Amino acid sequence: MIRSKLFWMVPLSLTLGLLGCGGGQPPAEQSGGAAAPSATPAAAPAAPIDPATAATITGKVAFDGTAPARPRIRMDAVPACTQRSSEAALVEEAIVNDNKTLRNVFVYVKEGLGDRSFPPPAEEVVLDQQGCVYHPHVLGLIAGQKLRIKNGDPTNHNIHPMPAQNREWNTSMPPGAADLIQEFPRAEVMIPVKCNVHPWMKAYVGVLRHPFFAITGADGSFEIKGLPPGSYTIEAWHEKYGTQQMQVTVGEKESKQVDFTVKG
Amino acid sequence: MNSSGVSRALHHYAILTAGATLLLLMAGALVVGYEAGLAVPDWPLSYGTWMPPLVGGILYEHGHRMIAGTVGVLTTALVIWLWWKEPRRWVKALGLVAWVAVVAQAILGGLTVLYRLPVPVVIAHGCLAQTFFCLVLSLALVTSPAWERAAQAAEEPPAPDFWHLAAAATAALFIQLALGAALRHKALGLGPHWVWAGVAGFLVGWVCYRAVTELAVQDGLRKLARWLGGILALQVALGVASYAFRAVTQGIHEPQTSVVLITSAHLATGALLLGCSLLVTLLAYRRVAAAGKVASFAGDPQRTFA
Ligand SMILES: [Cu+2]
């Protein structure tokens, strides 16, 4: 009886909820900030920014100094961590690329988007555990976006994010456990993630209210596309070298280069 | 109570429980040192089983739980034994207090895991651990032949204010352990632990000095007080070493084995120091109290000759 009632009540309440949202919420939620005067009036709620006028910010994070050594992670005591890979895992705290750039820098728009908000996209971001190392080491999410956590190791891990703005949790993942789907509802740069079983395992998750971020890879470059024209504060975050900020103004369809230099 | 076979066995069993408790304290210190407190996210089961694979941080956290379970069983049996064979009601009551403490301690331990190490709960868990160790040690003392001998006032009793001084030293040591726990879990800085080390060290040193100068050479209390002095010296050395090793390895994120072992030794020696000071206090009190009746008559000539 109860179950059959629930059965039709769920779609009904969902419909009511959607109607309420669609009718009650003005487009101001998507674009209403004084900082974005040239944004197109939101014809479609999902696309407040006109792609025809969108700007791009590119750049790289140069590293000035001697690249710090990357010691091997001492995980020999746990064969389950090493048996699937012949290559020794190295400490990922500071990785300087061959072209003297810095990897794993989280570059994002810190200010300038006003109170625009962006609904979380449907696609998930994956955090994998392979060889008792997090892949990737640094990742970005939009608030509310799904994070799929996998355990590809034949050993137990615990996933323990330590946020300041979001809810802290700690979950076990035995070998072969089903993927864990989680999300962080509030913006926060950065959330450290740790495994207490393997003290060397660390990852960092940046949660933003918008999709304008990039993480430097093997060439130390980044690209932030689809920005509405305007003035922005761009911040580069690195787990060892801290943060740096730059101001940049982009016009319609403009592409600008913003280069950071991190001193080692 | 006389020193029959049963009570002697009970006394030895209480010592065994106290020894297991000291091991448990060290295991707990290792969990903190290796930052393994959350390596097992669930409680009371570990990864949904009683026996997860003991790798990495799980070894420390689950090992701590297994030793804790053993101490819980040992304590329960000790209390049952006391209620069955012990004639003194206050000793039975003390046993019950120890049992309640060990249950409360297990619950606090579970809360640290389930609420992901809330600092007040973690510090309370550390302080209750020391309290429980003191309770078990007291049970071992009051079931001992030494406790009986102290009541017979066979030896010259210490001056009445000696036990006050020893009690003050014990209280100061307990405060020092709480300050150490607060330092370790970053609720307080090094300052209070460092300053109070001077106060507690001075009081303990004074206890040793008075025992050595005022008591007869063959007196057991004097010997115990000399042990107290030795443990104090070791504890100060471990405290300084723990600080020095921490300073040297600053900036390294992963737990360093040297620091973890020295800090754990510092914690265990602190428990021993507190326990030893408590034994001195209780024995001194017992002898002063036993001699007190005699002393009060002697000090009141009218009554003595009445
Ligand atoms: Cu792990």
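**Reading a hairpin and its sheet**

Guide: Strands β3(A) and β4(A) form a hairpin with 2 residues between them, and G131(A) in the turn has a positive phi of about 60 degrees. Strands here are DSSP runs (E, at least two residues), as helices are (H or I, at least four), numbered from the N terminus. This is a predicted model, in which local features need pLDDT of at least 70, side-chain atom pairs count only at pLDDT 80 or more, and totals for chains, interfaces and linings use all residues. Residues are numbered from 1 along each chain, chains are lettered from A and ligands numbered from 1 in the order written, and side-chain values use heavy atoms, without hydrogens and water.

Visitor: How many bridges join β3(A) to β4(A)?

Guide: Strands of a sheet pair through backbone hydrogen bonds, either parallel or antiparallel. Two strands count as paired if DSSP finds at least two bridges between them. Here 3 bridges join β3(A) to β4(A) (residues 133-135), and the two run antiparallel; D128(A) has H135(A) as its bridge partner.

Visitor: Which strand does β3(A) run parallel to?

Guide: β3(A) (residues 125-130) runs parallel to β6(A) (residues 147-151), joined by 5 bridges. V126(A) stands opposite R148(A).

Visitor: In what order do the strands of the open sheet lie?

Guide: The order is β4-β3-β6-β9 in chain A, with mixed pairing. β4 and β9 (180-182) are the edge strands, each pairing on one side only.

Visitor: Where does pLDDT stay under 50?

Guide: pLDDT is the predictor's confidence in each residue, from 0 to 100. Where it is low, the predicted coordinates should not be read in detail. In chain A, pLDDT stays under 50 over residues 1-47, while the chain averages 84.

Terms used. Contact = heavy atoms within 4.5 Å.
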